[in-house]
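This briefing reviews the helical architecture and the chain contacts of the structure shown below. Please read it alongside the sequence and the coordinates.

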There are 2 protein chains.
Amino acid sequence: MILADVPLPSDVSPSDDGHRRRYDTASLLDVAVQVFTERGYDGTSMGDLAHASGLSKSSLYHHFDSKEQLLRAALDRAVEPLFAVVAEPAAQSGRAIDRLEHVVRREVQVLVEQLPSVTLLLRVHGNTPTERWALERRREFDRIVADLVAQAAAEGDVRTDVQAGLVTRLLFGMINSLVEWYRPDEAGSGEARRGTSSRTVGADELADAVVRLAFDGLRR
Amino acid sequence: MILADVPLPSDVSPSDDGHRRRYDTASLLDVAVQVFTERGYDGTSMGDLAHASGLSKSSLYHHFDSKEQLLRAALDRAVEPLFAVVAEPAAQSGRAIDRLEHVVRREVQVLVEQLPSVTLLLRVHGNTPTERWALERRREFDRIVADLVAQAAAEGDVRTDVQAGLVTRLLFGMINSLVEWYRPDEAGSGEARRGTSSRTVGADELADAVVRLAFDGLRR
DNA sequence: GCACAAACCGACCGATCGTTCGGTTTCCAG
DNA sequence: CTGGAAACCGAACGATCGGTCGGTTTGTGC
């Protein structure tokens, strides 16, 4: 990735307490996922990860077998909770439109909770076996939700002048887009907020906004 | 990009008419943009582009100065028509809600017309000066539309229980998502359509669907 | 036919890529 | 204090990266 055009985010310092910083595999994955989402998987070198974590390149291989296995571990963090949502009881019984609303609301929460991993999941291209596995899981997920929308339409609760498949894609396009702009409220860090007038919005409030807009539209 | 996990799309053959295939800069850009969108900019090597175009790596440099300049040319194809839309008369005068609907509808059309370039634009990470320029243009565009939404809210035509900035992001998240799934109807090519029951939808029909869903919601 | 420019090519450059290797340091149980 | 495991390191590997070079082929105006 050429010369460093922009400083890496972490740039870990020796650490506060006298000891040398030590990583367990999970928290090292945190760092990797963050850098992956900022520079893209292909745009991130193992050297970048080394620099961001404060470790040497070779030390990373004590925790992970390969760069691709690192990606796989990151994607698992997103895929599992996403599928867990459609398996919840409230998504399994009741009127389809209510189940759909539940899925939408919970999906927003999962996206916010696992923002970096989901971002990664939504950006894979299919260049490697791992990426193609991820694409397949996404297709499977889409199928499940599309069935839900179709059922809600059959029950007369959803407009039928737009195809169910189209509704599903646009609906989840809207939800998924939040990985591109939503940044959680980093409360506690005394850092000054940037000069934006829009208040930082929480996950629940965000889910409300999505449900209102998606179900009832933006027109007053 | 490791070993070729998957065949490149074009894989140009010597060509039908006796002559050797010759490229002008524009049609070579077509090929590059297509491969960029399929494998990602960072995931595409100049060797990939050479293979996809049927040219040698060094020949590409007869048409372009660098890989990044190639990206810049591709992004221009998306940025210009996007900004042209908000400059149209119908986006400049009238009730804000009507101007907004016009922008949404036209934006969908531009996305469909310039699908590969816009896809590229929406996926830049900011790793290079060119990518950061693209991100800045996107921010500028968002600002213009957010003002439009705010004005429509002030005129009482848009719901006010969701912040204008939030509405804008979700609305355009929905629109932009179509680069991830919309594939134009390759009519004329006798190729058999894959086994999907959903009919291929045209740009106008797509714009209708977006406007209906965004403005009036999916509830019946 | 000839000349010239545009288009193209294989061979090669230094830099960077993901990964491996043979050790050293750190921590903690005994 | 000792031992062994876990964590870490610098140096180096072959492959691939974006890009350059000098020369050849190809189409076109004359």
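What percentage of the 220 residues in chain A do buried residues make up? In this predicted model, the buried share of chain A is 38% of 220 residues. Chain A contains 10 helices and zero strands.

**Chain A: overall organisation**

- Along the sequence, the elements of chain A follow the pattern α-α-α-α-α-α-α-α-α-α.
- Of the contacts in chain A between residues at least 6 apart in sequence, 68% join residues at least 24 apart.

**Chain A: packing of H1 and H6**

- Helix H1 (residues 25-39) of chain A and helix H6 (residues 115-123) of chain A have axes that come within 9 Å and cross at roughly 45 degrees.
- H1(A) and H6(A) are therefore oblique to each other, and H1(A) passes H6(A) in a left-handed crossing.
- H1(A) contributes Val33(A), Gln34(A), Phe36(A) and Thr37(A) to this contact, while H6(A) contributes Pro116(A), Ser117(A), Thr119(A) and Leu120(A).
- By class, the contact of H1(A) with H6(A) comprises four nonpolar, four polar and no charged residues.

**Interface between chains A and B**

- The interface brings 44 residues of chain A into contact with 45 residues of chain B.
- On the side of chain A that touches chain B, helix H8 (164-176), helix H9 (178-181) and helix H10 (203-216) of chain A each supply at least two residues.
- H8(A) provides the largest share of that side, with nine residues.
- The residues on the side of chain A that touches chain B are divided into 19 nonpolar, 13 polar and 12 charged.

**Chain B: helix H1**

- Helix H1 (residues 25-39) of chain B has 15 residues and, at 1.5 Å a residue, should span 21 Å; its end C-alpha atoms are 21 Å apart, which agrees.
- Buried residues in H1(B) include Leu28(B), Leu29(B), Ala32(B), Val33(B), Val35(B) and Phe36(B), as well as Gln34(B), Thr37(B) and Arg39(B).
- The cover over the buried residues of H1(B) includes helix H2 (46-53), helix H3 (57-63), helix H4 (67-86) and helix H6 (115-121) of chain B.

**Chain B: helix H7**

- Helix H7 (residues 129-154) of chain B, with 26 residues, reaches 38 Å from its first C-alpha to its last, close to the 38 Å expected at 1.5 Å a residue.
- In H7(B), the buried residues are Thr130(B), Glu131(B), Ala134(B), Val145(B), Ala146(B), Leu148(B), Val149(B), Ala152(B) and Ala153(B).
- H4, H5, H6 and helix H8 (164-176) of chain B are included in what covers these buried residues of H7(B).
- Gly156(B) follows H7(B) and has a positive phi, near 85 degrees.

**Chain B: packing of H5 and H10**

- The axes of helix H5 (residues 96-113) of chain B and helix H10 (residues 203-216) of chain B come within 9 Å, crossing at roughly 140 degrees.
- H5(B) and H10(B) are therefore oblique to each other, and H5(B) passes H10(B) in a right-handed crossing.
- The contact is formed by Glu101(B), Val104(B), Arg105(B), Val108(B), Gln109(B) and Val112(B) of H5(B) together with Ala203(B), Leu206(B), Ala207(B), Val210(B), Val211(B), Ala214(B) and Phe215(B) of H10(B).
- The contact of H5(B) with H10(B) has 10 nonpolar residues, one polar residue and two charged residues.

Technical notes:
Residues numbered from 1 in each chain as written. Chains lettered and ligands numbered in written order. Predicted model: local features only at pLDDT ≥ 70, side-chain atom pairs only at ≥ 80, totals over all residues. Helix = DSSP H or I, 4+ residues; strand = E, 2+ residues; numbered from the N terminus. Expected span 1.5 Å × (residues − 1). Buried ≥ 20, exposed ≤ 12 C-beta atoms within 10 Å, placed from the backbone. Contact = placed C-beta atoms within 7 Å. Nonpolar A, V, L, I, M, F, W, Y, C, P; charged D, E, K, R; others polar. Axes fitted to C-alpha atoms, helices over the stretch in contact; angles between N-to-C directions. Parallel < 35°, antiparallel > 145°, perpendicular 65-115°, else oblique. Left-handed = near helix turned anticlockwise from the far one by under 90°.
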